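I want to look at pockets and salt bridges today.

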Amino acid sequence: MRGLMKTVLCTGLAVAMALTAGSVEAAKEKKKPDGSANPVFAIPKEITLTAEQQTKLDAIKKEEGPKVAELTEKLDAVLTAEQKTARKEAAAKAKADGKKGKDAAAAVEEALKLTDEQKKQRAEVQPEMAKLQASIKEKIHGLLTDEQKAHYKLPKAKKSK
């Protein structure tokens with residue numbers, strides 16, 4: 001009986017180690033995000049896409065996702081590890097406090113405590129990101145029906161001075 005228990009425990013331990021090692025290797029091999037999970041691609045829950053619309057949305061994600069991922073990576077590269085942690089915590093707190101939109105963004109921005117150099121670096125990338133996001137929103141808007149468009153808000157165009 002003792003030999004059987006030892007065999008079962010050893011086998012169980014070996015299986016657990018193999019599974020852990022496999023998940024570590026899988027995590028190492030994970031590809032960079034393709035950008036398709038970015039909120040810019042989100043569809044409001046009031047909208048149910050047809051199969052054809054979903055196919056078109058998937059094509060937009062495939063085409064534009066890598067561009068979004070690249071610009072997101074550039075924006076993230078400006079931040080230190082501490083600032084990334086502060087951003088995550090501030091976003092969670094803003095959400096818990098019921099803040100949305102500009103209020104939530106302001107809370108997160110305040111928590112970052114960016115240096116002047118970081119602000120300059122972000123200012124170089126943010127207009128490009130905003131332009132890309134507006135383009136994506138327009139493409140998504142274009143595949144919706146009139147009824148669906150009522151639930152999908154496009155960003156307001158900024159007035160030029």
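Predicted model: local features only at pLDDT ≥ 70, side-chain atom pairs only at ≥ 80, totals over all residues.

Does K139 count as buried, partly exposed or exposed? I looked up its relative accessibility and got 32%, so K139 counts as partly exposed.

I checked what the K139 side chain meets, and found a salt bridge with E63, 3.3 Å from N to O. The two partners sit in distant parts of the chain, with K139 in helix α5 and E63 in helix α2, 76 residues apart. I looked up E63 as well: its relative accessibility is 45%, so E63 is partly exposed.

**Other pairs**

Next I went through the other bridges; the total count is 8 salt bridges. One of the pairs is E70 with K74, where the closest N and O atoms are 3.8 Å apart. This one stays inside helix α2, its residues 4 apart, about one turn of the helix. I get 46% relative accessibility for E70, which is partly exposed, and 38% for K74, also in the partly exposed class.

Then I took E109 and R122, whose closest N and O atoms are 3.1 Å apart in a salt bridge. E109 is in helix α4 and R122 in helix α5, so this bridge ties together parts 13 residues apart in sequence. Is R122 buried or exposed? R122 is at 13% relative accessibility, and the cut-off for buried is under 20%, so R122 counts as buried.

**Largest pocket**

I moved on to the pockets. The largest one holds about 1700 Å³ of space. I count 41 lining residues in the listing, and P39, G101, A105, M129 and Q133 are the closest to the pocket centre. Which helix gives the largest share of this lining? That is α5, with 9 residues. Helices α2 (51–77), α3 (81–96), α4 (101–112) and α5 (116–142) each put in at least two residues. Sorted by class, I have 20 nonpolar, 7 polar and 14 charged residues in the lining of the largest pocket.

**Second largest pocket**

The second largest pocket comes out at about 270 Å³. Its lining has 15 residues, and P33, D34, G35, A69 and T72 lie closest to the centre. By class, I wrote down 6 nonpolar, 4 polar and 5 charged residues for this lining.

Technical notes:
Residues numbered from 1 in each chain as written. Heavy atoms only, no water. 1 Å grid on protein atoms, 1.4 Å probe; cavity = no way out; pocket = protein on both sides within 12 Å on 5 of 7 lines; lining within 4 Å. Points joined across faces, edges and corners; volume = space filled by probe spheres on them. Nonpolar A, V, L, I, M, F, W, Y, C, P; charged D, E, K, R; others polar. Salt bridge = Lys/Arg side-chain N within 4 Å of Asp/Glu carboxyl O. Buried < 20%, exposed > 50% of the residue type's maximum accessible area, 1.4 Å probe, protein only.
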